[in-house]
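Here are some notes to go with the structure, for anyone opening it for the first time. Have a look at it first, then read on.

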Amino acid sequence: MAHTCHATGCETRVPPEMLMCRKHWLMVSKRLRTLVLKYYRPGQCDDWLPSSAYCGCAAAAVEEVARAEGIQPDVKLYDMLRAAAIAREYGEAAVQKSQGD
């Protein structure tokens, strides 16, 4: 399966270990780029088990780019992955609490 840039609407192919194409990555603040790289774990694109911290930072990067482009961000993937990560990391009760259940 081809891996594409995670910026909303971008279809540029990038290696799986890259969140975004160069154009969109450089639109993300340096501080947030640093956090995305800090929480990235090699292999997470293969096993689909990123940490909740990575998912939060990646979603924030997608949102930052979308704001700059004046479009609505699509972070559904990160919402789903983050909920699963919270369940793994803290237990199912934490997911329900984070979703306001």
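Predicted model: local features only at pLDDT ≥ 70, side-chain atom pairs only at ≥ 80, totals over all residues.

1. Let's start with helix 4, which spans residues 52-69. Its partner here is helix 5 (residues 76-90): the two axes sit 8 Å apart, at an angle of about 160°. Since angles over 145 degrees count as roughly antiparallel, helix 4 is therefore roughly antiparallel to helix 5. As for handedness, helix 4 and helix 5 cross in a left-handed way.

2. Who makes that contact? On the helix 4 side you'll find Ser52, Tyr54, Cys55, Gly56, Ala58, Ala59 and Val62, and helix 5 brings Tyr78, Leu81, Arg82, Ala85, Ile86, Glu89 and Tyr90. Sorted by class, the contact between helix 4 and helix 5 has 10 nonpolar, two polar and two charged residues.

3. Helix 4 also packs with helix 2 (residues 30-39), their axes coming within 9 Å and crossing at roughly 150°. Again the cut-off is 145 degrees, so helix 2 and helix 4 are roughly antiparallel to each other. The crossing of this pair, helix 2 and helix 4, is left-handed.

4. In the contact of helix 2 with helix 4, helix 2 supplies Leu32, Leu35, Val36 and Tyr39, while helix 4 supplies Ala53, Tyr54, Cys57, Ala58, Ala60, Ala61 and Glu64. The class count for helix 2 with helix 4 is 10 nonpolar, no polar and one charged.

5. Is Ser52 buried or exposed? Its relative accessibility is 11%, so Ser52 counts as buried. Looking past its neighbours within four places in sequence, Ser52 touches Arg82, Ala85, Ile86, Glu89 and Tyr90. Those five names are worth checking against the helix 5 list, which includes Arg82, Ala85, Ile86, Glu89 and Tyr90.

6. How many salt bridges does a search of the whole structure find? It finds two. One joins the side chains of Arg41 and Asp47, at 2.9 Å from N to O. Arg41 has 33% relative accessibility, so it counts as partly exposed; Asp47, at 34%, also counts as partly exposed.

7. The side chains of Asp74 and Lys76 form a salt bridge too, at 3.1 Å from N to O. Asp74 is partly exposed because its relative accessible area is 38%, whereas Lys76 counts as exposed because its relative accessibility is 59%, and over 50% is exposed.

Technical notes:
Residues numbered from 1 in each chain as written. Heavy atoms only, no water. Helix = DSSP H or I, 4+ residues; strand = E, 2+ residues; numbered from the N terminus. Buried < 20%, exposed > 50% of the residue type's maximum accessible area, 1.4 Å probe, protein only. Contact = heavy atoms within 4.5 Å. Salt bridge = Lys/Arg side-chain N within 4 Å of Asp/Glu carboxyl O. Axes fitted to C-alpha atoms, helices over the stretch in contact; angles between N-to-C directions. Parallel < 35°, antiparallel > 145°, perpendicular 65-115°, else oblique. Left-handed = near helix turned anticlockwise from the far one by under 90°. Nonpolar A, V, L, I, M, F, W, Y, C, P; charged D, E, K, R; others polar.
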